[in-house]
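User: Hi, I have a protein model open and would like to go through it slowly. Could you help me read it?

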Amino acid sequence: MSAVQDYDSGEFGTIRVVGRACPLCGRDNGDVTPDRHSRDIWHLKHCRDCAFVYIDKAPDYAALFATMAWERTSKAEERHRAEIRPISYRASKWTRARMRILPRKKIHLMVADHARPGNVIDLGCGDGGAMDELADEFTPYGVEISGELAHAANQRFAHRGGHAVNAPSIEGLKSFADGFFTAATLRSYLEHEMNPAGVLKALHRTLAPGGIAIIKVPNYACWNRAVMGARWCGFRFPDHLNYFTPRSLGAMAEKCGYSVRFGWTYKLPTSDNMYALLAKQDAKS
């Protein structure tokens, strides 16, 4: 982390903003010209050393607990797109549907296919609804930074013996023992995280040997971004802080101690999103 500043965000009032170095290699990149798709103070940078793409500032965690909680900023972003670009906004939605060759993957089915029965943690779990369809042999847990959503998830998970923690992910994961989980889901979460590598390292400790993490993030390398440019659905300022490609996601995961596998449909350039399976290796291997 670097400089801290106050920023008048307009709709959300004055918020505290924290500077960021490259989340993958740590380079400051203050000397790098922001990408032309940057907006306001949210400068999109391409790391000069490792080519990772990220926003070099982020609302601090205190702001994310309430003022900039996802359920508020996502609605504001939808209104922003619809109001200032009504035609291209609809066009973006049309190209997304047109370019999607295969149906969306179901996270609960991926857990059933790849994880051993046991405890499953959903990072950025929202209200917990995404875990409703988990098979009975899995117990749901979650970490969520929004107080309102964490409360809803905690009530939901309690019926199945789990619970949700209201905290940033790194702090929330500290409340779980080593090797507590057989699986983790990071569904449309890692792109929002100020410290994605730190989260992956903290999660690694809580996974049992052979445990898996299922990742879903926007694919910065997709064709639709090239077609839509600044109107690409993956650009959300400042909600999306990290812009992963298959290569950069794999590099970060391996740096944090995982083996990485992409299924043949996991990183199609025709899809705005990609998936990856991260595995914690058995100590004997």
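Analyst: We can go through the sheet, the core, some single residues and the salt bridges in turn. This is a predicted model, in which local features need pLDDT of at least 70 and side-chain atom pairs count only at pLDDT 80 or more, while totals for chains, interfaces and linings use all residues. Residues are numbered from 1 along each chain as its sequence is written, and side-chain values use heavy atoms, with hydrogens and water left out.

User: Okay, what is the order of the strands in the open sheet of seven?

Analyst: The order is β8-β7-β6-β9-β10-β13-β12, and the pairing is mixed. Strands here are DSSP runs of E with at least two residues, helices are runs of H or I with at least four, and both are numbered from the N terminus. Two strands pair if DSSP finds at least two bridges between them.

User: Which are the edge strands?

Analyst: They are β8 (164-166) and β12, each of which pairs on one side only. From one strand to the next, the twist averages 20°, where axes are lines fitted to C-alpha atoms, for helices over the stretch in contact, and angles run from 0 to 180 degrees between N-to-C directions.

User: In which sense do β10 and β13 pair?

Analyst: They pair in the antiparallel sense, over seven bridges, and I214 stands opposite L277 in β13. In general, strands of a sheet pair through backbone hydrogen bonds, either parallel or antiparallel.

User: And which strands does α7 lie across?

Analyst: Helix α7 lies across β6, β9, β10, β12 and β13, and runs at about 150° to β10. Another helix, α5 (residues 147-158), packs on the sheet by touching β7 and β8, with its direction making about 160° with that of β8.

User: New topic: which residues touch the most other members of the largest nonpolar core?

Analyst: Those are I121, L123, L186, L200 and L203, out of 36 residues in that core. A nonpolar core is a set of buried Ala, Val, Leu, Ile, Met, Phe, Trp, Tyr and Cys residues joined through side-chain atoms within 4.5 Å. Buried means under 20% relative accessible area, exposed means over 50%, and partly exposed is in between, using a 1.4 Å probe and protein chains only.

User: Which element gives the most to this core?

Analyst: That is α7, with five residues.

User: What is L200 in contact with, then?

Analyst: Leaving aside neighbours within four places in sequence, L200 is in contact with L186, L190, I215, M252, A253, C256, Y258 and L278, contact meaning heavy atoms within 4.5 Å.

User: M252 and A253 are in that list, so which residues of α9 are buried?

Analyst: The buried ones are P246, S248, L249, G250, M252 and A253, and they pack against α7, β10, β11, β12 (258-261) and β13. A251, also in helix α9, counts as partly exposed because its relative accessibility is 35%. Just after α9, G257 takes a positive phi of about 100°.

User: Is N119 buried or exposed?

Analyst: N119, which is found in strand β6, is buried, because its relative accessible area is 16%. The side chain of N119 reaches the backbone oxygen of F180 at 3.2 Å. Not counting residues up to four places away in sequence, N119 touches T139, Y141, F180, F181, T182 and A183.

User: Now charges: how many salt bridges does a search of the whole structure find?

Analyst: The search finds 10, a salt bridge being a side-chain nitrogen of Lys or Arg within 4 Å of a carboxyl oxygen of Asp or Glu. One of them joins the side chains of D31 and R48, at 3.0 Å from N to O. D31 lies in the loop between β2 (14-19) and β3 (44-46) and R48 in the loop between β3 and β4 (53-55), so this pair ties together parts that are 17 residues apart in sequence.

User: And which residue does K45 form a salt bridge with?

Analyst: K45 forms one with D56, and their closest N and O atoms are 3.2 Å apart. K45 lies in strand β3 and D56 in the loop between β4 and β5 (57-59), so the pair ties together parts that are 11 residues apart in sequence. K45 counts as buried at 4% relative accessibility, and D56 counts as buried at 11%.

Key: Polar contact = N/O pair within 3.5 Å; in protein donor to acceptor, adjacent residues only side chain to side chain.
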